[in-house]
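Biologist: I am new to this structure and would like to learn how to read it. Could we take the features one at a time?

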Amino acid sequence: MITQQFAQWCETASSRRRAEVISYLALSLIEGDLPKDQRDKALAILTFALDDPSPLVRMAMAEALSSSDRAPRHLVRSLADDIEEIAVLVASLSPVLTDADLIDIVVEGGAGPQAAVAGRPLLSGPVSAALAETAGGDACSVLLANEGARIGPDSHRRLAERHGMDGAVRALHLQRSDLPSDVRQTLLLHLGQALGATPLVRNCLGEKRTQGVVLAACERSTALLADAVEPGEMAGLVDHLRQSGQLTTAFLIRIVCNGNIDLFAASLSALSGLPGRRVRAIVVDGREAAFDALMARSGLSAAAGIFLRTAVQIWKQAVTQRAAFDLDAIAAEVMARLVQIFGDRRDEAGFAAVIALLGRLEREQMRGPARQPAENRAAA
């Protein structure tokens, strides 16, 4: 009866007046200590008002209920399916919405409600996964900027797959402290590809030269990334590099010349299928027959094997002969000695490309100290 009376009153009352009454009833419901019969009547009227033709009335209800943990869930859930302005309000604030509700909003809602969910504090892993799988770039940017969002490794990978070429999303993604190393490396590749695709770079360097510069930059970034990888993440990073075809001879030479023997051994383990401990023992021991057999099993050429084995030996000698450990100085010494040893073999099969790569690495190493003051000024 009370609902019928309210319906009749609504026929003549203005939308503003209806909104005032609905706001008062909603606030009374969640803030007051109404007797059960009055609470039931208020709830019935509010449920009826969900179908009010005026968004002003429904917005008044949303504003009253959106922040309360005492709000009736069916009212809030219905408002979350309303027009975007109303849905965004309740999706961003309401504490009565469950993870299942939020996932439904993400899957069924538009960009606004998705972004509202993505910005909620203490967002759970399942809800983040739904956003990573279905949300657009704007909502995913909000998710990545949300420090309270729990984003699992698989969700990070899906975000990189779907939005890695979007510069704004990628920049936020790279700032996440929970980003797995393999995903970070994927994003660095996307960054390199994006830079290489710009007309300015292509016009200045030409397509072939641009490809070489981008590849070298990605290899260098990956080697630097590997230096900071936790031991537990090394296998995952290497497996990612193997599956994406990045464990090339050039990359292996780069990391050996820079002294990243852990990454080198892990890479050979992935390529050869041999256990990591056994591979590391072969690398450290450096016996020619075992090392060459490991190179062959890893699919590397004989010329590359000789070069890599010699580089490891030079590193061992340089480290043991120096009182102070200066990584850059040792790397420069290793490269210089490799040039001395193999420089006169550049005309032999397989050695020309290796010597050319070494020359490029040596030039990069020499430019490193010169770059540092400029980089410091840019970061200041």
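Biologist: How do the residues of the lining of the second largest pocket divide into nonpolar, polar and charged?

Modeller: They divide into 7 nonpolar, 4 polar and 4 charged. Ala, Val, Leu, Ile, Met, Phe, Trp, Tyr, Cys and Pro count as nonpolar, Asp, Glu, Lys and Arg as charged, and the others, Gly among them, as polar. A pocket, on a 1 Å grid over the protein atoms alone, is an open set of points where a 1.4 Å probe fits, with protein on both sides within 12 Å along at least five of seven lines; lining residues have an atom within 4 Å of a point. This is a predicted model, in which local features need pLDDT of at least 70, side-chain atom pairs count only at pLDDT 80 or more, and totals for chains, interfaces and linings use all residues. Residues are numbered from 1 along each chain as its sequence is written, and side-chain values use heavy atoms, with hydrogens and water left out.

Biologist: Which residues lie nearest the centre of that pocket?

Modeller: M234, I261, D262, A266 and R280 do, out of 15 lining residues. The elements giving two or more residues to this lining are α15 (207-227), α16 (231-243), α18 (261-272) and α19 (276-285). Helix α18 supplies the largest share, 5 residues. Helices here are DSSP runs of H or I, at least four residues long, numbered from the N terminus.

Biologist: Where is R242, and what is it in contact with?

Modeller: Contact means heavy atoms within 4.5 Å. R242 sits in helix α16 and, leaving aside neighbours within four places in sequence, is in contact with L247 and A270. Its C-alpha atom is 7.3 Å from that of L271, 29 residues apart along the chain.

Biologist: Which residues of helix α7 are buried?

Modeller: An α-helix has 3.6 residues a turn, so residues three or four places apart point the same way. In α7 (residues 99-108), D101, L102, I105 and V106 are buried. They lie on the same side of α7 because they cover an arc of only 135° around the axis, taken from the directions from the helix axis to the C-beta atoms. V107 and E108, on the other side, are exposed.

Definitions and conventions
Buried means under 20% relative accessible area, exposed over 50%, partly exposed in between (1.4 Å probe, protein chains only).
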